[in-house]
Amino acid sequence: MSSGIRFESVSVAYGKNVVLDSLDLTVEPGEVMALLGPSGSGKTTALRAVAGFVKPASGRVFIGERDVTALPPYRRGIGMVVQQYALFPHLRVEDNVAFGLKAQKVDKAEIPARVAEALEMTGMASYAKRYPRELSGGQQQRVAIARALAIRPNVLLLDEPLSALDAQLRSGMLAELARLHRELPDVSILYVTHDQVEALTLADRIAVMDKARLQDCGTPQELYRRPRTEFTASFVGNANLLPVQVGAAGVRFDGVELSVDTQGAAEGASATLCVRPHLVGLGEGPNALRGTISEVQWRGSTHRLYVEVGEGRHRVKADVRELRETPVLGEDVVLHFAAEDAVLLGAGVSGG
Amino acid sequence: MPRWVWALPPVAVLALVFLYPLALVVQQSFTADTGEVSFAPYGDVFASEAFREALTTTVWLALGATVGCLVLGFVLALVIAFVPFPGGKAVAKFIDVFLSFPSFLITLALLFIYGSVGMANGVWTGVTGAAEGPFHFLTTPWGVLLAEITYFTPFVMRPLLAAFSQIDTSQLEVASSLGARTWRIVRQVILPEALPALAAGGALVLVMCLNEFGIVLFTGAKGVTTLPMLVYSKAILESDYPAACVVAVVNIAISVGLYGMYRVVSRRVGA
């Protein structure tokens, strides 16, 4: 039986309010797909459509080759982990994990071994007799993952699974999830998050969502290095978005000629140039931009400089390695970036 | 002025209007006809057939009504809390209003419909031409049971709805994605979390049913004598005060005992 998830122009609406607008997306068997977007972007709705908790107004949802659009949740065979763990408070850890097995009428003799296996996999074997309230947040989330894996699902849905954990635990759990995925190479994972780091770390591909629509989809490297839209550029990583005019051998930004790859964009067209802040250097160099410092943020290992550049006083962010002397506000500085570090976003993209 | 002085007026009022009469009742129950202190009234009452019958009737009516309220209340609260339907919020609000109704109002309404000269019998005699309709159950213990269940069910639903609103809906969703159908979710996820609320609501209804007077009186059920009814008939109709007081003391003892249980249970719920 093959895993994988396929959305075929799935739309979801509450009354006249469209929360998911004809989503087309395929998650390959064994792939980790992150649905990344701000709140209200439709990413959770997409996940709930796979789980069967919302009914699409139109379109079809497939799990493997099976059309599950009309199936109730309990017949979809999906593992699900949610932000607030949702463990059953009156059941011990082992009974929480056994819940799905009992519901699916797994042979009674087989259940203890399957429960032990799932708890082993998440490192919670020694907590089997505890109640959820006796566990920390991270431990509860591990139990929730064990409970989802115990039924050996082909598809695992993770809905902001790490959002309730503190930063340090979160990075540990990220590594844990990556390990679980290596141990279960056949399970397709749909991972909903608003955190770009989680998406970049874990996902094979990222689907970027905004305003109920799929905006972009690609590998983390593609989306980070060569974003196609302003939204992707600013949501996956940080970005300087400069309004430019396409010229013959480069672009013109506020009266300054910049030499970048124009990728065959029509001369004279308006476009947006995306430069990552950490790729902007301080001092003279290629593609120099002159301006004055308007704000400085010291972040320990780096300084973030906000520099107002040119006549239009465009704010450009530069993340530079910690400077020995903190720059003074109002100081005149020169920024530069390498031609290959800039990406020209589709001409005609609306400003944002 | 020491602070305890402020406690005096309320204690004085309480003593005058409640504690003193209560003490009188207890004292009266230990007073024989001759005026001396004795256990004779207790012996007489406990030995009488009427008392034992009233005690049995009271207990089984209260237990029956409680079980009925728990079952009906659980089902109705489930529907209101988890099945979205138009007007669901209004129904939940109405439950609160219902709690403020006097108990005899329900009985009166039932009398209008099922009473011997009520609407149901009226329609029957009108259509068939018979001298009287087929509905006479209201004057039997079943009528009292029906009225009590109707009136007291909301008292069970209140704490249940509060408990249901505490249940994380993602628990129900995860349960169903794990393969559990509705019945299994109700039994294994919702019911265990509602048990404390059920216990608290059930204990409350049990106490109130034991002491219910208005409903029994208004159904006009001649054969149904509960402890409060027995107190009424002994004291007002037969002027046998010692016996009435004995029955009252027994009734109080049962109620206070159950109320103590209710407090223990509800404290464990944290309500």
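Trainee: How many residues does the contact take from chain B and from chain A?
Mentor: It takes 16 from chain B and 17 from chain A, where two residues are in contact if their C-beta atoms, placed from the backbone, lie within 7 Å. Bear in mind that this is a predicted model: local features need pLDDT of at least 70, side-chain atom pairs count only at pLDDT 80 or more, and totals for chains, interfaces and linings use all residues. Residues are numbered from 1 along each chain as its sequence is written, while chains are lettered from A and ligands numbered from 1 in the order in which they are written.

Trainee: Which elements give two or more residues to chain B's side?
Mentor: α8 (169–177) and α9 (182–210) of chain B. Helices (H or I, at least four residues) and strands (E, at least two) are DSSP runs, numbered from the N terminus. The largest share, seven residues, comes from α8(B).

Trainee: OK, new topic. What order do the strands take in the open sheet of chain A?
Mentor: Six strands run β6-β7-β8-β3-β9-β10, with mixed pairing; two strands pair if DSSP finds at least two bridges between them.

Trainee: And which strands stand at the edges?
Mentor: β6 (78–82) and β10 (213–218) of chain A; each has a single partner strand, so one side of each is left without a neighbour in the sheet.

Trainee: How many bridges join β6(A) to β7?
Mentor: Five, and the two strands of chain A run parallel, β7 being residues 155–159. A:I78 stands opposite A:V155 there.
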